[in-house]
Amino acid sequence: MVVARGVPDSAAVLVPHASVGVGAARHRLIADLTDRGLPAVLVDDAALVLSELLSNALKHAHALPSGSVRAAWAVRPDELLAIEVTDGGGPTRPRQASPSLTARGGRGLSIIDALAADWGVRGAADEVTVWALLPVCREAAEDTAEDWEFDFDAVEPL
């Protein structure tokens with residue numbers, strides 16, 4: 001993997017709990033991953049996964065106490081790209097649905113399941129994080145260690 005010098009290996013942003021935040025976060029992710037020299041196909045998949053996670057959070061969950069949701073991404077030492085979105089929780093836990101062919105929605109987590117090496121949900125009633133792991137290279141797809149966590153020392157508003 002080629003990583004540009006001086007480009008941080010992770011980012012965390014506060015996204016407004018409104019649809020306008022999805023595009024801004026997606027553009028930031030694309031710029032960050034492109035600057036790191038990651039493959040275009042991975043950048044495209046990551047942008048789609050982030051968009052789906054944020055859209056689900058906006059539709060089904062409350063904002064964090066800040067009025068935002070938190071989006072984060074990082075290239076892990078095991079060559080997996082971790083993407084996660086944390087919100088204030090909602091009346092239900094995120095789960096993969098089986099919508100009818102004519103349904104207008106309900107496919108977001110199925111899309112993530114198809115693109116990611118692994119994904120899941122963690123948290124409590126007042127803060128829920130949905131995460132996905134995308135392989136940076138083919139070998140990383142076979143090793144999806146779940147022990148790794150983001151370091152949120154600096155979360156910046158978007």
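Analyst: Happy to! This is a predicted model. Let's begin with the crossing: α1 passes α2 in a right-handed crossing. On the α1 side, the contact is made by V22, A25, R26, L29, I30, L33 and T34. From α2 come V43, A46, A47, L50, S51, L54, S55 and L58.

User: What classes of residue make up the contact of α1 with α2?

Analyst: By class, this contact has 11 nonpolar, three polar and one charged residues.

User: At what angle do α1 and α2 pack?

Analyst: The angle is about 155 degrees, and the axes of the two helices lie 9 Å apart. Angles over 145 degrees count as roughly antiparallel, and α1 and α2 are therefore roughly antiparallel to each other.

User: Which residues in α2 are buried?

Analyst: They are L42, V43, A46, A47, V49, L50, S51, E52, L53, L54 and A57.

User: Why does S51 count as buried?

Analyst: Buried means under 20% relative accessible area. S51 has 10% relative accessibility, so it counts as buried.

User: And which residues does S51 touch?

Analyst: Leaving out residues up to four places away in sequence, S51 touches V22 and R26. Both V22 and R26 belong to the α1 side of the helix contact, while S51 lies in helix α2.

Note on methods
Residues numbered from 1 in each chain as written. Predicted model: local features only at pLDDT ≥ 70, side-chain atom pairs only at ≥ 80, totals over all residues. Heavy atoms only, no water. Buried < 20%, exposed > 50% of the residue type's maximum accessible area, 1.4 Å probe, protein only. Helix = DSSP H or I, 4+ residues; strand = E, 2+ residues; numbered from the N terminus. Contact = heavy atoms within 4.5 Å. Axes fitted to C-alpha atoms, helices over the stretch in contact; angles between N-to-C directions. Parallel < 35°, antiparallel > 145°, perpendicular 65-115°, else oblique. Left-handed = near helix turned anticlockwise from the far one by under 90°. Nonpolar A, V, L, I, M, F, W, Y, C, P; charged D, E, K, R; others polar.
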